[in-house]
Amino acid sequence: MAENNEEKNEQEEIGLYEKIIARTEELLGSGRKNLDEALKRAGDDLSSAGSFTREQAEKISIFVKRDIQHAIDSTDRGRETVKGAVDPKRVAVGAHSLFSKILSNTAETLSDWAKKSEQHLEFKTGEVTSPGALTCKNCGEAIHMKNTAKIPPCPKCHQTIYRKSY
Ligand SMILES: [Zn+2]
């Protein structure tokens, strides 16, 4: 049944998203990799282990990376410069629980990442993302996601592009 396959696929992708975060934390904790390297390696490790294809790992890594960028951006919004480590206490609850270890382990690279995160970050239906509030760009309807999940179409206008806040 198509519906069951879709649901299975969704659970797999959410699981992969969370595994990539956990593996990235481990790799950063070992202190030998920067954030980009750790993310890439986490995806490679998980696809090598055989449960996921390289294609899946690459796709989900992009979502993880975007959400980390968004978490950094949310933390430092309005500041002229970003220097040193983000204080995990200043990261709002949603991002904090998921990314605090990553944010506190990446002091040297956060400036570069923050620069990248000034770029517009879009959140689209069908992508996996961390908990937070998504606001429909078309009609302004807000969805509050309490868990990591796939983004649904807007419940009000059925459009597919959101901005996110915590
Ligand atoms: Zn809408």
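User: Is H158 buried or exposed?
Analyst: H158 counts as exposed because it has 12 C-beta neighbours inside 10 Å. The cut-offs: buried takes 20 or more other C-beta atoms within 10 Å, exposed 12 or fewer, and partly exposed is in between, with C-beta atoms placed from the backbone. Keep in mind that this is a predicted model, where local features need pLDDT of at least 70, side-chain atom pairs count only at pLDDT 80 or more, and totals for chains, interfaces and linings use all residues. Residues are numbered from 1 along each chain as its sequence is written.

User: Where does H158 lie?
Analyst: In the loop between β5 (149–150) and β6 (161–165).

User: Which way do β3 and β4 pair?
Analyst: Antiparallel, over 4 bridges, with β3 at residues 132–136 and β4 at 142–145. Pairing here takes at least two DSSP bridges between the strands. G132 stands opposite M145 in β4. The two strands form a hairpin with 5 residues between them, and G140 in the turn has a positive phi of about 85°.

User: New topic: what about E127, buried or exposed?
Analyst: E127 is buried, because 20 other C-beta atoms are within 10 Å. You'll find E127 in the loop between β1 (123–124) and β2 (128–129).

User: And which residues is E127 in contact with?
Analyst: Leaving aside neighbours within four places in sequence, F63, K150 and I151. Contact means the C-beta atoms, placed from the backbone, lie within 7 Å.

User: Which residues have the most contacts inside the largest nonpolar core?
Analyst: L16, Y17, I20, I60 and V64, in a core of 24 residues. A nonpolar core is a set of buried Ala, Val, Leu, Ile, Met, Phe, Trp, Tyr and Cys residues joined through C-beta atoms within 7 Å. Two or more residues each come from α1 (2–29), α2 (35–48), α3 (54–76) and α4 (93–104). Helix α3 gives the most, with 7 residues.

User: What does I60 touch?
Analyst: E13, L16, Y17, I20 and V128, not counting residues up to four places away in sequence. Apart from that core lies another one of 6 residues, including L134, C136, I151 and Y162.

Definitions and conventions
Contact = placed C-beta atoms within 7 Å.
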